[in-house]
Amino acid sequence: MRQRYAGRIRYWCSDESRVGLLTVQHRKLTGFGVQPIGSIQWEFVYRWLYGLVEPLSDASWIVEFSHLDGSRRFLF
């Protein structure tokens, strides 16, 4: 294969990562000894990063998504 495709074969390494942030949780004001009524809704802010690197030529490609849904697929 190397002889047939000499110079045209490129080796790439790929990775994906989810980077997130937990938003600030606020307190509820109640009287002393009184439990606050209400549920806690944790809010997360995520970014999805996908990247490719070719170590021999130092070429790279990175894309960032704010959200992903099931109707679209991202393939390298």
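The legends below describe close-up views of side-chain contacts in a predicted model. Residues are numbered from 1 along each chain as its sequence is written, and side-chain values use heavy atoms, with hydrogens and water left out. Local features need pLDDT of at least 70 and side-chain atom pairs count only at pLDDT 80 or more, while totals for chains, interfaces and linings use all residues.

**View 1. Y46 and W48 form a tilted aromatic pair.** A search of the whole structure finds two aromatic pairs. Rings of Phe, Tyr and Trp (its six-membered ring) pair if their centres lie within 6.5 Å; planes under 30 degrees apart count as stacked, over 60 as edge-to-face and the rest as tilted. For Y46 and W48 the centres are 5.8 Å apart and the planes make an angle of 55°. Y46 is partly exposed because its relative accessibility is 24%, and W48 is partly exposed at 21% (buried means under 20% relative accessible area, exposed over 50%, partly exposed in between, with a 1.4 Å probe and protein chains only).

**View 2. The charged end of R18 sits over the ring of Y46.** The distance from the ring centre is 4.3 Å. A charge sits over a ring if NZ of Lys or CZ of Arg is within 6 Å of the ring centre and within 35 degrees of the ring normal.

**View 3. Y50 and F65 form an edge-to-face aromatic pair.** The ring centres lie 5.9 Å apart, with 75° between the planes. Y50 belongs to strand β2 (residues 44–54) and F65 to strand β3 (residues 59–65), so the pair links distant parts of the chain, 15 residues apart (strands are DSSP runs of E, at least two residues, numbered from the N terminus). Y50 is buried, with a relative accessible area of 10%, whereas F65 is partly exposed at 24%.

**View 4. E54 forms a salt bridge with R10.** The whole structure holds two salt bridges, each a side-chain nitrogen of Lys or Arg within 4 Å of a carboxyl oxygen of Asp or Glu. In E54 and R10 the closest N and O atoms are 2.7 Å apart. The pair links distant parts of the chain, 44 residues apart: E54 is in strand β2 and R10 in the segment before β1 (13–22). E54 is buried at 5% relative accessibility, while R10 is partly exposed at 48%.

**View 5. E64 forms a salt bridge with R47.** Here the closest N and O atoms are 3.1 Å apart. Because E64 lies in strand β3 and R47 in strand β2, the pair ties together parts that are 17 residues apart in sequence. R47 is partly exposed, at 36% relative accessibility.

Definitions and conventions: Helices (H or I, at least four residues) and strands (E, at least two) are DSSP runs, numbered from the N terminus.
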